[in-house]
Structures are given as structure tokens and as C-alpha cells.
Amino acid sequence: SFHCEKMLLRVLVLLKTLLITSAFCSRHSVVRTSAFRRTGKAHVRMSSSLSALPELCVFDLDACFWDQEMYEMPSIPTPGDVVLGDLNGRGNGVVGVMSGGNKISLHKGSMQALQDHADNKYPGMKVAFASSADTPFAEKIGRASLKLLEVLPGLTVWDLVVGRDWGGNDINQIGRQPPLSSNKARSHFPRLKQESGGIRYDRMLFFDDCNWGDHCGMVSQGCREADTKQGPATVRTPAGLSLKLWQEGLSTYAAQAKRLQSA
């Protein structure tokens, strides 16, 4: 009888232990499930968030992307007018083109931006140009220069932007002859939005020297999305696009994307 009671006591203790363990595991399972659900929701929010990089980076040309004003240039550059040199430590290539006695070269920030772009450091981003070149002749000089100046040895600006980004389709808005005008907010950017396949204004980053008018202000105010009331992020480059201003542009756009995401 004593042995039976002792055996029964052991069984009862074992059952109690099993019940306690089961309850403990059940509570922790609920906690883990709740945590998973919270994490899952956070993941959904992050996956649907705006990219910290613009979908379209737009450069003005004269005194911004490069160091000359096309209306002041006397001749259209040809392959015989190229100037060879070091491409920012990436090898030798075309660092300049001559128009008469004037050398047209990319600013340092422009060169770095396009080299990084060529290296796919900005996934999802494409590049285009918006320039209100004064005359049809100035426009021809600009396009010829883009087709000669190199980003990497053997890779011209035109190859990268028009060839790689847009599959050979020239969506750049250069000039002010109809349907373009001197007002980029009214002509250049609406056409860029249309020809880019509908990239939203608030997914764009725009650089302009603004020395002959506040194009940055006009574009940011005049090209806004109806739902967010936001236009392109803009950066003024009165002395040309420097390395510092290029980084400032990326930071400005990232801050704008963050504001829109939290709105």
C-alpha cells in the first residue's frame, strides 16, 4: 500500500509539471506570434516605402553639368576636337571637347555622379537633361558634346544616359524652341514626365545653376503632384555641380522621400 501511494504521488507530481510546462510554452508561443505579426507589419511598411534615391535625376547643362555656356561657343565639336586625359582615376579618355578656343568639360560633381551611376551605385535611378539652350545652334553644340565627352574610357555621356538608361530613346529636353520654352516648369519637366513613362515629379531630383533665373524654384513650385503637393527636390549650383552639391542633392531628395513616407 505504501509503495502504491508513493507511485501515485510521483504520477501526480509529473502531471503537475507537465501542466505547468504546457502553460508556459503556450504563453511564450503567443508572445512570439504577436512579435512576428508586429515584425511582419513593419516589414510591409518598409517594403512599400519610398526609395531614398530618385527615380529620375535631371541635370541642367550650361554652368551646371559642365563649365561652359553653349550660346558662347563658336563651333560644333567633332571627334577631331577631343581632349584626352585622366577620367577621375578611372583611366584615360575624353575629358574635354574644344569649341574654337574653348574647352568644354564636366564639373567634378557631374563626373562623379555619372561614374557612380555607370557603376550601378544608384539602383532604380535614371538620368536626363533639361537645358534651355538659347539657340538651335547652341542646342547642336550641347548634343554633340554629350556624344563625345566620356564618363569612363569608351563610355560617353550619351552612351550612358540615352543608350543605357533609355534604350536609345532621347528623352532629353534641350533648347527653348517650340514645343520647349525658356520656362522649364511649363515645358521641359512636363515633357520629361511624359516621355519617361510617367515618373512622378516628387520622385525627381533636379540640379540647375539658376544664374539666369530661378529654375529650381519655378520647377519645385510649378511641377507638383496633386496628391502629395510636392515637386522635384532641387539644388542650385551657381558655380557648377561640385562633389559637395552632388551629395547634398542626394541627401535633399532622401529627406523629401522620408517626409512623404511619414505623411
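Modeller: What follows is about strand β9 and its neighbours.

This is a predicted model, in which local features need pLDDT of at least 70 and side-chain atom pairs count only at pLDDT 80 or more, while totals for chains, interfaces and linings use all residues. Residues are numbered from 1 along each chain as its sequence is written, and side-chain values use heavy atoms, with hydrogens and water left out.

Strand β9 covers residues 204–208; strands (E, at least two residues) and helices (H or I, at least four) are DSSP runs, numbered from the N terminus. Five of the five residues of β9 are buried, so the strand is largely enclosed by the rest of the structure. Buried means under 20% relative accessible area, with a 1.4 Å probe and protein chains only. On one side are Met204, Phe206 and Asp208, and on the other Leu205 and Phe207.

Strand β1 (residues 56–59) runs parallel to β9 and is joined to it by four bridges; strands pair if DSSP finds at least two bridges between them. Phe59 has Phe207 as its bridge partner in β9. Four bridges also join β9 to the parallel strand β10 (residues 233–236).

Phe207 also pairs with Trp246: the ring centres are 5.6 Å apart and the planes at 35°, so the pair is tilted. Rings of Phe, Tyr and Trp (its six-membered ring) pair if their centres lie within 6.5 Å; planes under 30 degrees apart count as stacked, over 60 as edge-to-face and the rest as tilted. Trp246 lies in helix α7 (residues 243–262), so the pair ties together parts that are 39 residues apart in sequence.

Technical notes. Buried < 20%, exposed > 50% of the residue type's maximum accessible area, 1.4 Å probe, protein only.
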